[in-house]
Structure formats: structure tokens, C-alpha cells
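Hi there,

Here is the structure I promised to pass on. Have a look at it first, and my notes follow below.

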Amino acid sequence: MASRRRAADSLKTDQKKKRKNKTTCEETAELCSLVEDEQVKRSVQEAWSQRTSHSHGDLELDCHPFPHCIIKNFLGSETFVENLQRELMDLNFHEKSNDLYKFKQSDDLKKRTEPHISGLRAALFGRFRSWLGQVLQVELEPIVDISCAKYEYTDILLCHDDELEERRVAFILYLVPPWQSSDGGTLDLYTTDSNFQPQSIVKSLVPSLNTLVLFEVSPVSFHQVSEVLTQDKCRLSLSGWFHGPPLERPPRHREPAVLRSPHLPRDETLLLEWVNPVYMDLAYQEQIQQEFEDSSEIQLKDFLKEEKFREVKEALRLSQIEWAKRGPPNKRCYEVASLDTLPQCVSACWELLCSEAFFLLLSNYTGLRLHYLCPADDDSDTEDEESKDVRNAEATGSLTESPSANESRAKELSTPVHCGELRRWSHGGYTLLHDAEAARAEYALDLVLPFCGADWQSEFGGFTCYVANEEDEELLTVYPEDNSLALVYRDKETLKFVKHINHRSLSDSANANSSTCGAFYDFSFVYYE
């Protein structure tokens, strides 16, 4: 009996040691005294509820363009901050890149056992979560949602609102070296219009060591992390969300559909004037069609006659074309030309891509029914049915058309249409995937004809990515190449975006002998059967 008791006592001692080791492994994170001050808490609570600004020492609350709070010297110990930085830099980071962002991110920090990481996590989602819930007068859930991010040269997180999975408040704790606005990496806040769409940046927060920024996630909380421009600093931060009942969201704004037009009545004279004779050869067109049908995409190099291409390229660079920025920034950012201001040669190139003769040429390249002279896949079957129907009609003396004949005529009467833009791309240009685009996705033929210069490099961005809807899988990447006509046929489950054009496009080495000066142009068209 005594030996059993001694064994039990020994077991309890071991358990106490384990608990002690577990406790000592976690360093306590001391938060700034403002968080413990009841009077400050009440003042912030009142200001937040009334959407008014408030400041007290290292704490500043601003409600323009949406409620956000900045707390400097958030952690009370410089030594703790230094050790936290060291632990975070020792983590494994993974490259993250898609239409919206490019940076390096750690694994979820929910279960990390490093002393300072676990200590900060306990303080944030313990004492500070309780304080924040009282300030917002909301019951925040005990969900731990935190990770570490490293932003280095050309890394970016484009405009978005953070609304997802009951996120109520977003936070960022900066652990950066001395940082200036010229280094990039600022947290930019956007105003919104009456449709809750982002308009313009009205405030940029420069990262600062041991500063916590938090903001309420809402239909208007549009923000971005601007591109990091410094090549010798790392923008290290901890970020995540406090979860709780989301704010009410109005119905999402739907943009009006882009106007589509039938072809222009232009004959093959235009083709003979503009298109490389190689691509006018019927035998070669059959070869192109076979390759296109196998892969649903093709690039036709040196598509325009060399003298025509040079003329248009020079006119784009030198002429006084009027350009207008296209937004909103949560969907796209580039410039589009006013067609009324195009010089004659550029206008003629536009007409080429809109012409009836070009529609027929595209039909020959792709096998798509973009012209009534292009045979449909089921024409032979339809002809057999129609012949039979005609014989039956003759036998019965009936003049009523059969259903199959009606259907055939409906096909003939359906007119292929198109829409297009002349775009100018420069540093900061991009397009993003968005829900409305996915909802409207349909079968279509994309055409892009770039004027970019031989020195445009893929690392600058500006390339078009095709992805499967609701999946990370990248199906195809089309890089801009001078006078290379890109054709891509996409289905309803395929979406596309243009990757953000980064600061490398402006570097001296890239533009020492450049004819594009960090910018390029393209004709972008979509054709529908």
C-alpha cells in the first residue's frame, strides 16, 4: 500500500514538473498600460459607437474612411519584441501568389510553442480580445486566427475588404526595422461610393515597430498593402482576425454588362493590307485550327505585317490619345483609350479586329462559328434532316416548316458579337478575379495583341493567367510579346486575371534602352459565337 502511495506521489510530482515546464516555456506578453486603463476603455468605447475620432497617448482612433485604431508601443517590453522577431524569422515561410497578392506567409501560429509567439498569442486572444469586445460591445468568439507575413521587394496585397467567415475585426502588429513611406508597404485605406465600391486612397499608414493597427471588417473596409519598394528591408508583421457576429451587408453591387457589337462590314481587302501573308494561307490556317482544337489556345507570332506593326506602335507611344483609368480598384486598374482620339493607323487596326473579314479569319483559325460562312459541327446532320423534311413537305403539300428547319434558321440568324478595348498598362496595373465575373462566365474567345517592346520581361508582371473557378489551379499563362496574337477559348468554369505590374518594370536596368518606358499597350477583344 505504501509503495502504491509513493508511486502516486511520484506521478503527481512528475505532472507538476511538466505543468511547470509548460508554464515556463511561455513568456508573458505585457501589453501597454492603456489597455488596462478603465477610463481609456470607456472613452474609446464611446467614440467607436458614435463614429468619432479619439486619441489618448499612444492610442488613436480614427473613423475616416472607416473605424480603425492605432496603438503604438503595444508590447511593453523591447526585449520581448526583439525575441519575438527572432522567433518569427526562424519560421518556415511559403511563397503566396495569385491575382490579389504576392508575399511570404508562415503556417498558422495557433499551435506554435515558441515562448514569445505563444505568449503574444495568449495575450492577444485573451486579455486583449476581452478589452476589444468591451470596446465594440460585441461578444467576440474564442477563435485563434493569426499568422506571420514577410513582404519583401515587389510584394503586395491589392484592394479588398476582408469580409469572410465571420471576421469582425482585423489586426496587424508591425515588427519592422525603421521604415519610411518611400519604402512602400503602407496600409492604404479607401473611400467608397454609394454602391459600396472603393474609390481612392485617403489614408496611408506607414509600418512602425511594435505598433498594432486594427479595424472593423465591414462592407466599406477596403484596404491594401502597397507594393514594397525597398530592396534591403523586410516588412515583418503578425496579422489575423477576431471573429464575431458580422455587420449587416447590403446586396453586392453588380456592374452593368459590357456592350457587345456585331462585326463591322469590311471585306478581305483589310486583311490583305494588315495581316502577315503566312497567316492568310488556307493550308496553314487548317494547321492552326488543328493545333487550336487540340489545346484551345495558340499564339501567332509576327501576326501583323512588320511595317504596319511598327506604325501602330509608334503612334501609340507618340500620339495624343486620351486615356481614362478603369476601376474600381477591387476589380481592376489600368487605362483604356478613348476611340474618338485614336490616330488613323491605330483606328484602322481597331477596325481590322472588328471587321467581318476578321471574324471569318478567326473562324478559320479556331473552328468556332464566328461567321455564317463557317460550317457548324452538326451541319451535315442538319442538312440530312432538312432534306427529309422538305421531301415530307412535298409529299403532304404542307408549307409549315419543321422544328429542325426552324432551329437551323435560328442558328443562322444568331449573330456573333464582340467587345474590345485598347489598354495601356504601366506600373501598378492589374485585374482581379471577382464573384460577379464568375457568375457571368460563359464560352468565349479571348484575343490579345500586345505592343510591349522586346525587353518586357515576365518578372515585371502584366501577363494573363487563366484559372479554374474556385480553385487555385493555374491552367495557362499568356505572356505579352510584341506582335504575337494570343487566342484562348475559355469555358464557363475558366476565369482570367492580369498579374500586377511591379516596380521592376521601372528599374533603370530594365529601361536603359527601352522603347516602352515601363509601359505597354494591347488590343484586348472577346468574341462570342
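In what order do the strands of the open sheet of 3 strands stand? The order is 21-20-23, and the pairing is antiparallel. Strand 21 (474–478) and strand 23 (494–498) are the edge strands, each with a single partner, so one side of each has no neighbour in the sheet. From one strand to the next, the twist averages 20 degrees. Strand 20 (residues 464–468) is joined to strand 21 by 4 bridges, and Val 467 stands opposite Glu 474 in strand 21. Please keep in mind throughout that this is a predicted model.

Next, helix 6 and its surroundings. Helix 6 covers residues 282–295, 14 residues in total, and its first and last C-alpha atoms are 20 Å apart, close to the 20 Å expected at 1.5 Å a residue. Gln 285, Ile 288 and Phe 292 are buried in helix 6. These three lie on the same side of helix 6, because they cover an arc of only 60 degrees around the axis. Ala 283, Glu 286, Gln 287 and Asp 294, on the other side of helix 6, are exposed.

What do the buried residues of helix 6 pack against? Their partners are strand 14, helix 9 (356–366), strand 19 (444–451) and strand 22.

Just after helix 6, Ser 296 has a positive phi of about 65 degrees.

Strand 14 runs antiparallel to strand 22 (residues 485–490), and 4 bridges join them. Leu 300 stands opposite Leu 485 in strand 22.

Leaving aside residues up to four places away in sequence, Thr 191 touches His 64, Pro 65, Gln 197, Pro 198, Gln 199, Ser 200 and Val 202.

Definitions and conventions: Residues are numbered from 1 along each chain as its sequence is written. This is a predicted model: local features need pLDDT of at least 70, side-chain atom pairs count only at pLDDT 80 or more; totals for chains, interfaces and linings use all residues. Side-chain values use heavy atoms; hydrogens and water are left out. Two strands pair if DSSP finds at least two bridges between them. Helices (H or I, at least four residues) and strands (E, at least two) are DSSP runs, numbered from the N terminus. The expected span of a helix is 1.5 Å times one less than its number of residues. Buried means under 20% relative accessible area, exposed over 50%, partly exposed in between (1.4 Å probe, protein chains only). The arc is that of the directions from the helix axis to the C-beta atoms. Contact means heavy atoms within 4.5 Å. Axes are lines fitted to C-alpha atoms, for helices over the stretch in contact, and angles run from 0 to 180 degrees between N-to-C directions.
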